[in-house]
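I opened my notebook and wrote down each thing as I looked it up. Follow along with me, one entry at a time.

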Amino acid sequence: MKQLALDIGLAPVPTLANFVPAGNEAALEHLKLWAGSPTRSPVPTCLWGASGSGKTHLLLAVREAFREHGARVGWMDAGTLNPPDYDEQWEAVILDDCHLYTASQQAMAFNWFVHAQTPSQGSARWVLAAATLPPSDLQLREDLRTRLGWGHVFQLHALGETERRAVLRRAADERGVFLSDEVMDFMLNRFSRDLSSLMLLLDQLDAYALRTQRAITIPLIRSMLENE
């Protein structure tokens, strides 16, 4: 029964459709056009913005869009300790957390970038990257930094409180979970307010509520903090 409950509470996959674009409409439309077109331009795209502004959500959403069309992509983030060699079968290269790359990760990201833009066969591939700073301010090797900045560059803006509440409400509804205004006030006032942290908190609350067979209330949140 416990395993069944955990399966029911799986978080929804990030998609372009479930991204709340408030203030970031241009970036979202750009990604929809590029991810959905088989004749996409190979000009690279870089997203930058503070933590919680939606960068990783959008990159994961683009990867999912490619997968839905049966396409393979190369993915690297700061946790990719041993990135593979470039694969000619990839239709795009996605680079997340560029600002955190080690020297070896920067070297591999540059290798991927060059191979994607000048492949040995076929047309050039799209490169999509994300970081917390604009490319010109990134502390990266010069050849990688300049390549990240020569294409389309979009700044992402974190959601305001109204939009943040709407995202939390929708995410809870997608999980079949009810969040009262009292619980939402508690989450926003007592925990980190960036969206990534709030979504992680919701995942933890959902799993804990399912295990304990209780609704999400302030006492349940306190219980979870005491016991986990």
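Which residue in E3 is the bridge partner of Met76? I looked it up, and the partner of Met76 is Leu95.

**Entry 1: ground rules.** I noted that this is a predicted model, where local features need pLDDT of at least 70 and side-chain atom pairs count only at pLDDT 80 or more, while totals for chains, interfaces and linings use all residues. Residues are numbered from 1 along each chain as its sequence is written, and side-chain values use heavy atoms, with hydrogens and water left out.

**Entry 2: the whole chain.** I found nine helices and five strands. Helices (H or I, at least four residues) and strands (E, at least two) are DSSP runs, numbered from the N terminus. Along the sequence I read the pattern α-α-β-α-β-β-α-β-α-β-α-α-α-α. The C-alpha trace spans about 60 × 35 × 30 Å along its principal axes. Of the 228 residues in the chain, 45% are buried; buried means under 20% relative accessible area, exposed means over 50%, and partly exposed lies in between, with a 1.4 Å probe and protein chains only.

**Entry 3: the sheet.** I traced an open sheet of five strands in the order E2-E3-E4-E1-E5, with parallel pairing. Strand E2 (72–76) and strand E5 (152–155) stand at the edges with a single partner strand each, so one side of each has no neighbour in the sheet. From one strand to the next, the twist averages 15°. Two strands pair if DSSP finds at least two bridges between them, and I noted five bridges for the parallel pair E2 and E3. Helix H4 packs on the sheet and touches E2, E3 and E4, and its direction makes about 155° with that of E2. Here contact means heavy atoms within 4.5 Å; axes are lines fitted to C-alpha atoms, for helices over the stretch in contact, and angles run from 0 to 180 degrees between N-to-C directions.

**Entry 4: strand E4.** Is E4 enclosed or open? All six of its six residues (126–131) are buried, so E4 is largely enclosed by the rest of the structure. I remembered that side chains in a regular strand alternate between the two faces of the sheet. On one side I found Trp126, Leu128 and Ala130, and on the other Val127, Ala129 and Ala131, all buried. E4 pairs in the parallel sense with strand E1 (residues 45–48) over four bridges, and Thr45 has Leu128 as its bridge partner in E4. Strand E3 (residues 90–95) also pairs with E4 in the parallel sense over four bridges, with Trp126 as the partner of Ala92.

**Entry 5: one residue.** I picked Arg222, which sits in helix H9 (residues 218–227). Arg222 counts as partly exposed because its relative accessibility is 42%. Leaving out residues up to four places away in sequence, Arg222 touches Phe186 and Arg190.

**Entry 6: the largest pocket.** How much space lies in the largest pocket? I wrote down about 750 Å³. Of the 33 residues lining this pocket, the closest to its centre are Pro14, His57, Leu195, Ser196 and Met199. On a 1 Å grid over the protein atoms alone, a pocket is an open set of points where a 1.4 Å probe fits, with protein on both sides within 12 Å along at least five of seven lines; lining residues have an atom within 4 Å of a point. Grid points are joined across faces, edges and corners, and the volume is the space filled by probe spheres set on the points. Helix H8 (195–212) gives the most to the lining, with five residues.
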